[in-house]
Amino acid sequence: MPNIPTSEQAELFAQSVRKWQQVLSLGDWRIEKGLKPAKAAMASVEFNQGARLATYRLGDFGAEKITPDSLDKTALHELLHIFLHDLMDVATDPKSSDEEIEMQEHRVINLLENLLTRNSNG
């Protein structure tokens with residue numbers, strides 16, 4: 001029997017998406033919910049790089065209990081895919097320069113530094 005989020009749970013997921021979009025400084029991405037369900041996954045994300053559009057889809061959570069916490073963690077997981085998309089894109093493009101790769105690497109490092117030092121300093 002499928003374990004699909006209800007519309008109320010999908011709205012909780014959307015709230016978590018908005019929260020993590022802010023935390024991860026992803027304001028340059030438009031993030032929308034897709035119409036079709038994710039296939040063989042709790043959630044997935046697809047990219048339209050030119051439009052800076054990321055489309056997420058919710059799917060079957062399987063044996064995972066759907067709770068506010070599991071929805072939030074799943075939203076974070078998908079937003080981390082978006083956060084790392086530019087780094088992965090330049091890192092896998094043979095035409096990327098070392099400077100482009102380093103710039104994307106430092107974007108990740110700088111955000112992690114800010115988040116981790118903010119959390120460790122209370």
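## S16 on helix α1

S16 sits in helix α1, where a helix is a DSSP run of H or I with at least four residues, numbered from the N terminus. This is a predicted model, in which local features need pLDDT of at least 70 and side-chain atom pairs count only at pLDDT 80 or more, while totals for chains, interfaces and linings use all residues. Residues are numbered from 1 along each chain as its sequence is written, and side-chain values use heavy atoms, with hydrogens and water left out.

Is S16 buried or exposed? Its relative accessibility is 10%, so S16 counts as buried (under 20% relative accessible area; over 50% would be exposed, and in between partly exposed, using a 1.4 Å probe and protein chains only). Setting aside neighbours within four places in sequence, S16 is in contact with D72 and A75 (contact means heavy atoms within 4.5 Å). P68 is 52 residues away from S16 in sequence, yet their C-alpha atoms are 9.1 Å apart in space.

## D72 on helix α2

Now over to D72, which belongs to helix α2, residues 68-92. D72 has 15% relative accessibility, so it counts as buried too.

Which residues does D72 touch, leaving aside neighbours within four places in sequence? They are S16, K19 and W20.

## How the two helices cross

Two packed helices are described by the angle between their axes and the distance between the axes. Here, the axes of α1 (residues 7-23) and α2 come within 8 Å and cross at roughly 45 degrees. The axes are lines fitted to C-alpha atoms over the stretch in contact, with angles from 0 to 180 degrees between N-to-C directions.

Who takes part in this contact? From α1, the residues include F13, S16, K19 and W20, and from α2 they include P68, L71, D72 and A75.

Methods:
Helices (H or I, at least four residues) and strands (E, at least two) are DSSP runs, numbered from the N terminus.
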